[in-house]
Amino acid sequence: MNLDDLNEEQRKAVTTTEGYVRVIAGAGSGKTRALTYRFAYLVNEIGILPSHILCVTFTNKAAAEMRRRIRELTGDNDTGYISTFHGFCVSVLQEDSNAVSYPKSFLVLDNSDINAMLQIIYEERGLTLRQMTFSNARDMIEIRKIFKDPNYYEDLITMSLEQIHQKYLAATKPDDIIFYGYLYQEKKCFGLDYNDLLKFVLYIFQTNEAIRQKWQERLEYIMIDEFQDIDLIQYEVMKALCPYHNNLFVVGDPDQTIYTWRGADIRYLLEFDKNFPAVRTIMMNRNYRSTA
């Protein structure tokens with residue numbers, strides 16, 4: 001690994017390892033390269049174990065590419081926690097799901113699993129696709145979990161299966177029937193969808209100090225890519241992890257946000273220096289993808 005391969009701003013991003021660091025990186029400015037080199041620099045030069053670094057990006061594809069590049073730079077197959085927020089939450093729950101009375105073998109639900117659950121609910125309660133297609137029902141559930149009923153997870157965690165079942169049977173409006181029917185089906189098979197993964201982990205961190213401290217101490221360095229796309233709950237999970245080592249490195253491009261419909265908030269990037277102490281900001285704006 002040779003730092004001469006980097007330009008001055010990239011080198012600064014790689015070697016500024018301690019404290020709170022924000023990198024504003026324009027399109028094509030080599031931010032993935034800066035992130036991967038920084039991970040390798042922490043491992044090779046500073047001697048940090050890969051399993052003590054959390055590196056979060058927003059898609060599985062980006063995470064896989066990052067793991068591949070970091071392996072090349074460190075020669076180590078252990079790439080720690082390089083994943084999406086959801087992937088990281090799965091890791092936490094595989095270790096600590098007992099804190100919410102879920103087994104280690106919980107299911108992560110995909111759309112086909114959710115459709116199978118909807119099928120059962122529609123048949124049980126005589127709903128038709130004319131009232132709501134499965135695709136619209138999935139969107140409705142997601143919107144309700146994110147915006148309308150953000151505390152739904154407390155029901156899922158604290159209510160018994162029977163209590164949730166009663167709520168489902170008492171529902172009369174199609175939206176409520178589908179929503180509570182879905183929560184009931186989820187709890188019955190210990191299934192979690194993408195929203196639940198984040199909510200459950202945040203709940204554990206907020207209610208269980210010992211588990212929160214364990215993860216805080218373990219994750220010495222936290223790096224987050226595409227920070228312009230972070231939403232409130234991801235931000236809260238991240239904030240719960242930082243206070244022990246206080247090493248947080250975020251990279252974002254204010255011009256690139258694509259998840260506002262899901263609650264992403266650019267202000268977390270723009271106001272990062274107001275929310276954390278002694279922030280250093282590095283501007284990476286040399287574009288390598290297109291020539292003038």
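Which residues of the largest nonpolar core touch the most other members? Let's find out in the close-ups below. This is a predicted model, in which local features need pLDDT of at least 70, side-chain atom pairs count only at pLDDT 80 or more, and totals for chains, interfaces and linings use all residues. Residues are numbered from 1 along each chain as its sequence is written, and side-chain values use heavy atoms, with hydrogens and water left out.

**View 1. Phe227 and Leu248 in the largest nonpolar core.** Of the 71 residues in this core, Phe227 and Leu248 touch the most other members. A nonpolar core is a set of buried Ala, Val, Leu, Ile, Met, Phe, Trp, Tyr and Cys residues joined through side-chain atoms within 4.5 Å; buried means under 20% relative accessible area, exposed over 50%, and partly exposed in between (1.4 Å probe, protein chains only). Helix H10 (residues 194-207) gives the most to this core, with eight residues. Helices (H or I, at least four residues) and strands (E, at least two) are DSSP runs, numbered from the N terminus. Leaving aside residues up to four places away in sequence, Phe227 has contacts (heavy atoms within 4.5 Å) that include Tyr235, Met238 and Phe272.

**View 2. Asp229, a buried residue with no salt bridge.** Look for Asp229 in the loop between strand E6 (221-224) and helix H12 (232-241). The nearest side chain of opposite charge, Lys31, is 8.4 Å away. For comparison, a salt bridge is a side-chain nitrogen of Lys or Arg within 4 Å of a carboxyl oxygen of Asp or Glu.

**View 3. Arg22 and Asp273 in a salt bridge.** Side chains of opposite charge can pair when their charged atoms come close. Here the two side chains meet at 3.7 Å, N to O. Arg22 lies in strand E1 (residues 20-25) and Asp273 in helix H14 (residues 272-275), so this pair ties together parts that are 251 residues apart in sequence. Arg22 counts as buried, at 9% relative accessibility, while Asp273 counts as partly exposed, at 39%.

**View 4. Glu65 and Arg69 along helix H3.** The closest N and O atoms of this salt bridge are 3.0 Å apart. Because Glu65 and Arg69 are four residues apart in helix H3 (residues 60-74), about one helical turn separates them. Glu65 is partly exposed, with a relative accessible area of 28%. Together with Arg68 and Glu72, Glu65 and Arg69 are linked in a network of salt bridges.

Note on methods
Lys, Arg positive; Asp, Glu negative; His and termini not counted.
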